[in-house]
Amino acid sequence: MAMTSCKKTDTNQYELVVKVSAEDFEKALAQAFKKNANKLQVPGFRKGKAPRSIVEKMYGEGVFFEDAINIVYPTAYEAAVEEAGIEPVDRAEVDILDVSKADGVEFKATVTVKPEVEVKNYKGIAATKKVSKVTDEEIQAELKRYQERNARQITVEGRAAQLGDTAVID
């Protein structure tokens with residue numbers, strides 16, 4: 001796995017072109033075959049017992065390419081990002097440029113990275129601090145609200161309802 005090129009396309013976007021060697025891609029193809037072997041039915045063989053060469057002849061050479069790319073992509077992408085020294089902030093947009101058993105896989109990933117920020121002339125900036133004045137009446141009113149919110153209701157019988165009472169009428 002090797003990064004072929006890394007170029008900055010926009011203010012915070014990079015385009016990485018990554019090439020995966022034929023040997024690594026072949027290993028991924030073998031893993032993809034093992035993963036999907038029991039799902040394939042080939043006449044003359046029990047389900048999942050057909051050799052890879054027969055399956056590829058019947059279904060086409062590229063039958064396992066998608067799964068193999070999905071296997072090899074994460075490690076190749078991470079290695080390329082590390083080699084480029086960038087910090088992606090979201091998923092990359094990936095385009096497959098070339099896929100073959102002989103050459104391996106080549107893909108292009110467009111990555112959004114953290115924006116570059118330069119802070120200038122920040123020393124010496126004056127800021128005014130707002131101080132809020134709180135009166136004793138406001139404090140007492142807030143405490144009264146807390147008391148009412150956390151108060152318990154006591155059942156009282158034998159007297160007439162008064163202002164502030166909660167009455168249950170059946």
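At its relative accessibility, does Glu15 count as buried or exposed?

A: Glu15 counts as buried, because its relative accessibility is 16%; buried denotes under 20% relative accessible area, exposed over 50%, and partly exposed the range in between, with a 1.4 Å probe and protein chains only. The model is predicted, so that local features need pLDDT of at least 70 and side-chain atom pairs count only at pLDDT 80 or more, while totals for chains, interfaces and linings use all residues. Residues are numbered from 1 along each chain as its sequence is written, and side-chain values use heavy atoms, with hydrogens and water left out.

Glu15 takes part in a salt bridge with Lys7, at 3.7 Å from N to O. Here a salt bridge is a side-chain nitrogen of Lys or Arg within 4 Å of a carboxyl oxygen of Asp or Glu. Lys7 is partly exposed, at 46% relative accessibility. Glu15 also meets the side chain of Lys108 in a salt bridge, at 3.9 Å from N to O. Because Lys108 belongs to strand β4 (residues 104-112) and Glu15 to strand β2 (residues 13-20), this pair ties together parts that are 93 residues apart in sequence. Helices (H or I, at least four residues) and strands (E, at least two) are DSSP runs, numbered from the N terminus. Lys108 is partly exposed, with a relative accessible area of 22%.

The structure holds nine salt bridges. One of them joins the side chains of Lys114 and Glu87, at 3.2 Å from N to O. Lys114 lies in the loop between β4 and α4 (136-149), and Glu87 in the loop between α3 (65-84) and β3 (93-100), so this pair ties together parts that are 27 residues apart in sequence. Lys114 is partly exposed, at 48% relative accessibility.

A network of salt bridges links Glu26, Arg52, Glu56 and Lys101. Residues up to four places away in sequence aside, Arg52 touches Glu26, Leu29, Ala30, Phe33, Phe64 and Lys101, contact meaning heavy atoms within 4.5 Å.
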